[in-house]
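Hi everyone, thanks for coming. Let me put the structure up on the screen, and then we can walk through it together.

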Amino acid sequence: MEIETTKIFDKAKEWIGRSMIERFYQKLARKLGATFHLYRGNDWWFDGLTIPYLKIDRGLPKTLIHLHGFTDRKESFLPTAEHLLESFNIILPDMPGFGKTYKCPSLFYSLDNYAHWLKEFITNTVYSPVWLSGNSLGGATASRIAFDRPDFIELCIPINPAFYYNPGPNPLYEEYVRDDFLFVMNDKKDYERYLERVFHKEIKPIPFMTNAAMTESIRNRFWYQYVARQNTKDIEMDLEKLSKTDFFLNRRLKDTRTPFHFIWGENDSLFPWETVKHLKDIQPNIDYSIIKQCGHAPHLEKSKQLAEKILDIK
């Protein structure tokens, strides 16, 4: 009886936490004038796939589209968007497989497909050149789209992006090769380790909300592992060998005609900021900014500073 009561209490705490998170984002979205939309593609790749997105349209000449990262959701960029309202219309889609999208095992969640899906989404929801930003997986996806559509992407802003090779340490990939994937969390200890790695500053628990976020991460661990493996299926995970292929984006960046401005948290423990110095050697035309005392998720940890870096781009 005591065990059953504990389970009921835990479920109640999780429900309260989820409700608090949703109310926070809903209130912020209303404050910023964001409207909710659904996009369904007409391509066979989109069979059964709908992309929910938020749109803040203030009739401005520039539009910024932001693609979130692995395990994240579209609303997480709202705290940054709050500081960009005077300069951009803003569009925030959920990346397939995350947020409010349907988790469809029949889809192949490779970087190639993410670029295809989001490229179709962008070119069918905006009718003028855009600024395209993205964090982590979203940064890699934004890069791929920018390589393919220099006519449509006025500027690409990868933020702590994945899929760029660093000749020095590549912590997340090196751990993945050892079958130690940060995003596969089995318990509270794993979740605390995840927070310590993603953020530079200590994240203090928020009653109910932290518990709900942790429970969701643990519940989805096998899904996160499945999506990650879509990008390494039938690939020999020798990082040095892969660095000479198009698995990483370095070679495509060298030939790009799209302007790039990278933004990196200096304390990113997944993808070191020194990566961008190597990218500058490869493609001298890129620019970059560094956010001090910031980890892998500037949009959450340093939202105002991230907005300032974007606004400072000329």
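Let's begin at Phe208, which sits in the loop between helix H6 (188-198) and helix H7 (209-219). When I say helix or strand, I mean DSSP runs, H or I of at least four residues for helices and E of at least two for strands, numbered from the N terminus. Before going on, a word on the model: it is predicted, so local features need pLDDT of at least 70 and side-chain atom pairs count only at pLDDT 80 or more, while totals for chains, interfaces and linings use all residues. Residues are numbered from 1 along each chain as its sequence is written, and side-chain values use heavy atoms, with hydrogens and water left out.

Together with Trp15 and Ile16, Phe208 makes a nonpolar patch on the surface, with about 300 Å² of accessible area in total. Such patches take residues with over 30% relative accessible area and no salt bridge, joining nonpolar side chains (Val, Leu, Ile, Met, Phe, Trp, Tyr) within 5 Å and like charges within 9 Å. The areas come from the Shrake-Rupley method with a 1.4 Å probe, and for residues only the protein chains shown count as cover.

Now to the inside. The largest nonpolar core has 72 residues, and Phe70, Tyr114, Phe163, Phe260 and Phe262 have the most contacts inside it. A core here is a set of buried Ala, Val, Leu, Ile, Met, Phe, Trp, Tyr and Cys residues joined through side-chain atoms within 4.5 Å. Helix H3 (residues 111-125) gives the largest share of this core, seven residues. What does Phe70 touch, leaving aside neighbours within four places in sequence? Its contacts are Phe98, Leu137, Phe181, Phe183, Tyr224, Val227 and Ala228, where contact means heavy atoms within 4.5 Å.

Leu137 takes us to helix H4, where it is among the buried residues.

Tyr224 and Val227 are among the buried residues of helix H8 (residues 221-230). The cover over the buried residues of H8 includes H3, H5 and H7.

Last topic: salt bridges. The whole structure has 17 of them, each a side-chain nitrogen of Lys or Arg within 4 Å of a carboxyl oxygen of Asp or Glu. One joins Arg58 and Glu86, at 3.4 Å from N to O. Arg58 is partly exposed, with a relative accessible area of 44%, whereas Glu86 counts as exposed at 66%.

Another pairs Asp94 with Lys74, whose closest N and O atoms are 2.7 Å apart. Asp94 is in the loop between E4 and H3 and Lys74 in the loop between E3 and H2, so this pair ties together parts 20 residues apart in sequence. Both Asp94 and Lys74 are buried.

A further bridge brings Asp180 and Arg193 together, at 3.0 Å from N to O. Asp180 lies in the loop between H5 and H6, and Arg193 in helix H6, 13 residues apart. Finally, salt bridges with shared partners join Glu22, Arg73, Lys74, Glu75, Asp94 and Lys100 into one network.

How values were computed
Buried means under 20% relative accessible area, exposed over 50%, partly exposed in between (1.4 Å probe, protein chains only).
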